[in-house]
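Hi everyone, thanks for coming. Today I'd like to walk you through one structure, starting with a sheet and then moving on to some aromatic rings. Please have a look at the screen.

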Amino acid sequence: MTLVGRGLVCSYGPTRALDGVDIVAGGGEIVAVVGPNGAGKTTLLRALSGERRPDRGDVLLDGSPVSGADPGWRGRVGLVSHRTGLYRKLTVAENLTFFAALHRISDARHAVARSLETVGVATLAKTRVEALSRGQAQRVALARSLLHDPGILFLDEPFTGLDPAAAAALESTLRARRAAGGVIILVTHELRRCLGLADRVVVLQRGHKVYDGETGSADAADLLRFFTATSSDAS
């Protein structure tokens with residue numbers, strides 16, 4: 001399984017958030033996308049996931065175009081963004097049961113229990129979302145994204161608000177998804193973390209891709225230099 005973004009262009013009024021970006025992510029691979037604020041990271045994730053249709057360019061899965069309007073495509077992807085997408089007045093279990101129904105999961109109870117156990121928040125099943133900490137809500141959002149066992153996972157700053165134990169649990173979950181052959185694209189500002197977690201790092205600057213390399217063979221100093229340069233240019 002290979003996901004490709006080819007020549008992606010996305011604009012918001014006069015601002016071009018993505019300007020001809022190419023990206024490839026294969027099954028069994030974690031690709032981290034880093035860069036300063038305004039580099040186009042979130043827009044790239046939205047374009048790849050189908051949440052935002054690119055103005056130009058294509059998103060392909062194994063060579064075939066995909067679209068966010070296609071229910072079949074939506075059923076293959078999971079998305080964790082800055083917004084948890086959870087209903088605050090409902091309990092954790094009620095939220096996930098609702099989303100399981102949207103995905104037409106036949107054994108919703110089992111799917112909910114499995115997802116909560118996977119991210120280590122099974123004890124919060126009867127807790128209202130409004131009573132959760134930011135880190136807990138983030139983990140429940142991840143559980144929501146895993147309900148339908150998607151082959152492709154998109155994550156936008158998923159480590160935000162997590163304590164060290166929760167961050168370690170998330171890393172373990174992502175490694176397990178990679179081992180199962182999943183495609184994972186992770187947007188993060190934590191370059192040092194992604195060097196230890198991801199297989200490849202893509203650096204964006206002002207809508208352009210300025211670096212794309214394997215973490216196992218890349219010189220960390222070079223990656224840090226790219227990251228520092230893009231951050232300086234944005235300030």
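Let me begin with a term we need: when I give an angle between two elements, I mean the angle between their N-to-C directions, on a scale from 0 to 180 degrees. Please also keep in mind that this is a predicted model.

Now, with that angle in hand, find helix α1, residues 41-49. Helix α1 lies across β1 (2-12), β2 and β4, and it runs at about 120° to β1.

Those strands belong to an open sheet of four strands, in the order β2-β1-β4-β5, and the pairing is antiparallel. Which strands stand at the edges? They are β2 (15-26) and β5 (64-65). Each has a single partner strand, so one side of each is left without a neighbour in the sheet. For β5, look at strand β4, residues 56-61: the two pair in the antiparallel sense over two bridges.

Let's turn to the rings. A pair of aromatic rings is described by two things, the distance of the centres and the angle of the planes. How many aromatic pairs does a search of the whole structure find? It finds three.

One of them joins Y87 and F99. Their ring centres are 6.3 Å apart and their planes are at 25°; planes under 30 degrees apart count as stacked, so this pair is stacked. Y87 sits in the loop between β6 (77-80) and α3 (92-102), while F99 is in helix α3, so the pair ties together parts that are 12 residues apart in sequence.

Is F99 buried or exposed? F99 is buried, with a relative accessible area of 12%. Y87, at 43%, counts as partly exposed.

F99 also pairs with F98, this time edge-to-face, with 5.3 Å from centre to centre and 70° between the planes. F98 is partly exposed, at 34% relative accessible area. Put together, Y87, F98 and F99 form one aromatic cluster.

Finally, two arginines to look for. R144 lies over the face of F99, 5.5 Å from the ring centre. Elsewhere on our list, R193 lies over the face of F159, at 4.2 Å from the ring centre.

Terms used:
Residues numbered from 1 in each chain as written. Predicted model: local features only at pLDDT ≥ 70, side-chain atom pairs only at ≥ 80, totals over all residues. Heavy atoms only, no water. Phe/Tyr/Trp six-rings, centres within 6.5 Å; stacked < 30°, edge-to-face > 60°. Buried < 20%, exposed > 50% of the residue type's maximum accessible area, 1.4 Å probe, protein only. Lys NZ or Arg CZ within 6 Å of the ring centre and 35° of its normal. Pairing = 2+ DSSP bridges. Contact = heavy atoms within 4.5 Å.
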